[in-house]
Amino acid sequence: MTMTQSLGPLADGGHAIIMGGGPAGVACALALQRLAAQMSRQLLITVVEGKQFTGERHYNQCAGVLSPPLPTLLQNDLDVPFPYYLSRDSIQGYVLYTGRERVALPEQGEPSIALRRIQFDAYMLETARSRGIEIISARAVDLELHADQVIVYTENKPVQGDVVVGAFGLDEGSAGMFRRRTTYRPPLALDSVVTKYHPGDATMAAFGHYIHAFLPAHPSIEFGAVTPKANHLTINIAGQRVDVPTMKAFLQSDYVNTVLPNMSKVGHYDQHDLRFFKGRFPRSLARGYYGDRYVMVGDSSGIVRAFKGKGVTSSVLTGIRAAHTILEAGISRQAFDDHYRKANLDIIRDLPYGRVMRRLTILCSRYRLLDPVLRAAHDRPELQQGLFGAVSGHDPYRQVMGQMIRPGILAAILKEMPHRK
Ligand SMILES: Cc1cc2nc3c(=O)[nH]c(=O)nc-3n(C[C@H](O)[C@H](O)[C@H](O)COP(=O)(O)OP(=O)(O)OC[C@H]3O[C@@H](n4cnc5c(N)ncnc54)[C@H](O)[C@@H]3O)c2cc1C
């Protein structure tokens, strides 16, 4: 194949290499293929993915709650039907807990779908394979970026192309490859510990279809959640430095005891119960996330809803947006700056609001100031809506803050303050 010095839009015969076959990488591959066909261009697209999704040989820490507009994005932008058949639960809303209070926040629109992430990833990757996209089942181990080409070395074979898309999530080894060759610096991240638990059919039926989300007054846990998944619950915590002892303390805490009384005594475990996995959430924008012949999408870019949010939806969105830039504007640093960064300003501009909100939440939960907020929310639908937007990640944080920082709402919260013990 002849490589070209051109950093313009990927032309007929161009080759895009995508490092990582999670939602961001596969969305980018499928969007490239679809858009190129609309432009009557023939591209070569290669996805390099190190995990085996089929047969569930690998695990994914993600709780697998997939929310609107993901089904529409898949259908309209990728021509991929949302795999509703993988659904394990339909999430009807959240119950939010602070130190002493709780409030139910029902979903007003289309419910989110809870599924097994590894099955969703398998579905997406197999769709790409069935459409003729080359999938290399191996890890990428190094790369070179030259004026006229990129080379990605894998455990299987080297691949030469015109542009490389970094869709490797928060994988530190992959970030290191780009770090050595470019100005890329991965996003800062929050640690997370995840486990699952099968409490038995009766407890699952009583648990219902709400995610129970906790903002505990704990020095290292920023938030925790218990998510129903038909026959089991996924339990996760996140914070700057959470580990297995922190998770064990959380499982024995009053918070978990409220929703799962006597959890430690029930003992309906299957062999996979209460094994602990680690994951990470990005909490800042990456630096140098694009340059000549490379661009990051999904978690590796840090262009995800700040604090907590819909990681999979943002990842698919950034993958699609990168594909547009590659085919419509080019593969130079300038093209990514003019086109890709601008396309993502809706998320990027919301990141500072998310950071402020995270800081405020940590501060307020530490000093038990969130209880009055929840008390005030009981009979104020507009405050409930703001809290729902914040907890679910459905609404931009700027909008959520606008909804909550209003004289009437602040006055109602202040009125609840005297109840603080
Ligand atoms: C505990 C936890 C719970 C979460 N729950 C939710 C949720 O309920 N809903 C939601 O929307 N989001 C959730 N998220 C966030 C979500 O998981 C991420 O935002 C999303 O997976 C990012 O997609 P991605 O494609 O960017 O990266 P990933 O999903 O991480 O995919 C990256 C892929 O790249 C591959 N890879 C990495 N390096 C290499 C290499 N060198 N060679 C080959 N392959 C490589 C990996 O194997 C992986 O498959 C959660 C995250 C955590 C940590």
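## Ligand site

The ligand lies between domain 1 (15-89 + 114-188 + 283-348) and domain 2 (191-280), because both give residues to the shell around it. Domain bounds come from an automatic or database domain assignment. This is a predicted model: local features need pLDDT of at least 70, side-chain atom pairs count only at pLDDT 80 or more, and totals for chains, interfaces and linings use all residues. Numbering starts from 1 along each chain as its sequence is written.

The ligand is surrounded by 39 residues. The closest are Gly20, Gly22, Gly169, Gly298 and Gly311. A residue counts as near if its C-beta atom, placed from the backbone, lies within 6 Å of the molecule. Elements giving two or more residues include helix H1 (23-38), helix H4 (172-181) and strand S13 (189-197). H9 gives the most, with four residues. Helices (H or I, at least four residues) and strands (E, at least two) are DSSP runs, numbered from the N terminus.

## Nonpolar core

The largest nonpolar core has 119 residues. Among its members that touch the most others are Ala16, Ile18 and Met19. H1 gives the most to this core, with nine residues. Such a core joins buried Ala, Val, Leu, Ile, Met, Phe, Trp, Tyr and Cys residues through C-beta atoms within 7 Å; buried means 20 or more other C-beta atoms within 10 Å of a residue's own, all placed from the backbone.

Technical notes
A residue is buried if 20 or more other C-beta atoms lie within 10 Å of its own, exposed if 12 or fewer, and partly exposed in between; C-beta atoms are placed from the backbone.
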